[in-house]
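Q: Please take a close look at one part of this structure, strand by strand. Then place that part among the chains.

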Amino acid sequence: MPAFPKKLLWVLLALAFLVPLLHPLFPDVVSGYRLFLVSTMIIAAIAVLGLNLLTGFNGQISLGHGAFYAVGAYTAAVLMDHLNMPYWATLPCAAVVCFIVGYLFGLPALKLEGHYLALATFALALAVPQILKYKWLEGMTGGVQGIVLNKPEVPFGLPLSEDQWLYYYCLIVMVVLYWAAANMLNSRSGRAMMAIRDQYMAADTMGIDTALYKTVTFGISAAYTGIAGALSASAIAFVAPDSFNIFLSIKFLIGLVVGGVGSLAGSVAGGIFYVLVDNSAQALSLFVRNDLGLPFDLSAYTVFGVLLIALMYLMPMGIVGGVYLAWRKLRGVRG
Amino acid sequence: MEQFIQQLASGLANGAIYACVALALVMIYVSTDHINFAQGEMAMFSTYISWQLMTWGLSFWVAFIAAVAFSFVLGVIIERAILRPLHNAPVLSIIVVFIGLLAICNSMAGAIWSYLIKEFPSPFPKSSFGIAGVIGPHQLGVVVVTLIVLGLLFVFFRYTPLGLAMRAAAQNPQMARLVGVRVDWMLALGWGLAASVGAVAGIMVAHIVYLDPNMMGGILLYAFASALVGGISNPGGAVLGGFIVGVLENMVAFAGNQIEKATGIYIIGNGEKLTVALIIVITVLTVKPAGLFGRVVVKRV
Amino acid sequence: MAALLEVKGLKAFYGQTQSLYDVGFDIPNGGITTLLGANGAGKTTTLRAICNMVRTEGAIRFDGKDIAGRATEEIVRLRVAHVPEGRGTFTTLTVDENLRVAAYTRRDKAAVQADLERVFGYFPRLKERLQQQAGTLSGGEQQMLAIARALMLKPRLMLLDEPSFGLAPLIVVEIFRILRRINEDEKVSILLVEQNAALALDLATHAYVLETGRVVMSGPSAVIKDDENVRKSYLGY
């Protein structure tokens, strides 16, 4: 999988940090709501990044990452709600909890491959909302009602609005996590992860402890997605069981496939993409009803579904991967 | 005691539904090695078709047959148009396509018929059906209908030349070609039949769980559990697994209920049914992947 | 007399690897022809190529019709029966089902039954095992079943891949005797691939020798048998 050009990455990053400062100049374009939307995109990007570490780089298919997202979100929510923990401190806690949960789920997953692992994780995703409603946990989780939280407060008296601060908060977390993931993938361990994906038997006979790598990768992947969940709990200031249904996991899959299986930059693009479509659903529906004159609502999931299938035919490497390849072809680079 | 028997009976009725969906999953699995994650949503869509036909004035059974036939055609088309071209694609691509189908079926049903929960009629007369205090008319009807459908399928696969050819194609496609079996069409036919059986399950269960685009989610999970318990490559096992899981599900809830009554401590109840299925799925997959009645398939490396 | 099967300039590929280069031969109607060669010479590949089970280039004509590139099952339906290497039976189906599946498109039940009886004439042992799963048969019985199933296709040409593979010598002799009877009684042409060159040359009227994907020698069996190279390489004396 191609690496993203480094220069471009820095430019994008600088832009990302500067954009909110343009608010006084273009108050309507860089509005609070827009920034909030971008924050949710960043959160989505982190979640997809987590899934990509597992599925894209390590070859373990998960259809149930919504479960780890939920664990992260609830860990953060419970800690804030019951222990009054500051929102920023919940991130490492959510990461640890999700790492453990992911690692534990990774143990039985060792015995499963391909379709079977997909099946197990799919089952997990289906059961998550019900598990969250379990009576014994009700005292902590608030049952069906969920937990209402406060939005992150702007620290150090910085001259920022809540939405602006949330945006920077999410952005910083993502940059750190992205950097960590890129470094990890470039290390010996990262190469071992990918070797396991590409040549399981060979990796095993080469002396790579495949079981350890697979379970730890499961843990790290879950931790990433869990951090995204914790961020979302802060951002939306609310958690409830039914928002962590199977379709959440499907959205992560969309992000993975659209961005590119096994591409870090692609994960970010994929996360941005699914939030964008999800939020344009209403506009899309209006378009179908009014402009095309069809008598029904077009849901975001129809778009997602068609896209998932179409991509498997046209660009199995994802849009980012596909465009990148096309770009390289245009420039005449081979290999 | 009476309560116990009622729970057992309703477990059997649920089990009949799971058996149908599990059989549909297994039919596709044995011939293509794919797990159809969209099986439940396809069945849900078929159920809406039958509902639509009924609101247009058709009688229940006419709508039933029409919807089952529609599902057959839909299954064949999906196999031929969407899955056939991908038959050499990596596992992830296939899974993604199934998830895509799931999303399309679900969202299209929501778009066309809205996400509002609808009542769905039962075709079984209240007065003459069922056994008072043991099993309700609809539950008994579900068991009877599914048993008829499963029986028909058994006869088809066991005693007709076409059914034999389909089994041959599933067991060894390469070899089946060498005896002149048009394997590609057998797979498409298998898909059609699977979609039809799923539709039967959907239409039968809709009266119990009500009609809505998400009605099959939990049932699909139970069907997975059933198929795994019976051995995912064993059609007979899947059917048996369906009944076992259906009864088990109700018994677990029943036991939880009794414990709560006796001790006042809530451990498990109706609210944990999906969790029970999840535990079954993961336990069977990791402890006994061949299921109770399946053969162990040794994977070559 | 025109040849039943004509193969010209046949090439075959497994992925990127080419395993046949320019193979050509004719199979006369009603005769038995054998392909000889060492392991990896391309014998099995040639049989697979005829039924389009590998990627091929070149001309293949059966009964005057160009069949190159047609789907395997359509070639089989022209009554070309291929008995693959390694006892290709449907192991989980019964003997009866294994035989009947070859006739699944035929509506005339009486004719199918008559064909079954005819096949049992050659393989009476199968009749005793009718309801047994094919996987539980002995090696020799499975090979017989595979040939019997091919016969149910009423073939005009039978492609046999290593029918002696892994079987006890006595069984092999029996099977080869039956093959000769089938050839004579049913007027089935046979293309035989065999490691056991001596046996094959006894049965066949014509032989082709393959080396690394090319035909290097051909002629009547009697002539081939006396060739010194063949004797040294394949007959072992």
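A: Two strands pair if DSSP finds at least two bridges between them. Strands (E, at least two residues) and helices (H or I, at least four) are DSSP runs, numbered from the N terminus. The model is predicted: local features need pLDDT of at least 70, side-chain atom pairs count only at pLDDT 80 or more, and totals for chains, interfaces and linings use all residues. Residues are numbered from 1 along each chain as its sequence is written, while chains are lettered from A and ligands numbered from 1 in the order in which they are written.

Start with the sheet in chain C. Six strands form an open sheet there, in the order 6-7-8-3-9-10. The pairing is mixed. Strand 6 (80-83) and strand 10 of chain C are the edges. Each has a single partner strand, so one side of each lacks a neighbour in the sheet. On average, neighbouring strands are turned by 15° against each other, direction ignored. Such angles are taken between axes, lines fitted to C-alpha atoms, and run from 0 to 180 degrees between N-to-C directions.

Now the pairs. Strand 3 (residues 32-37) and strand 8 (residues 189-193) of chain C run parallel, with four bridges. Here Thr33(C) has Leu191(C) of strand 8 as its bridge partner. Strand 9 (residues 206-211) and strand 10 (residues 214-220) of chain C pair antiparallel over six bridges. Glu211(C) sits opposite Arg214(C) of strand 10. Two residues lie between these strands in their hairpin, where Thr212(C) has a positive phi near 40°. In a regular strand, side chains alternate between the two faces of the sheet.

Next, the chains. Contact means C-beta atoms, placed from the backbone, within 7 Å. Chain C has no contact with chain A; their closest C-alpha atoms are 18 Å apart. Two pairs of chains touch, and A with B has the most contacts. There, 40 residues of chain A meet 39 residues of chain B. On the chain A side, helix 5 (114-132), helix 11 (246-259) and helix 13 (300-314) each supply at least two residues. Helix 5 of chain A gives the most, with 13 residues.

One residue shows this meeting up close. Leaving aside neighbours within four places in sequence, Val281(B) is in contact with Leu119(A), Ala120(A) and Ala123(A), and also with Phe224(B), Ala225(B) and Leu228(B).
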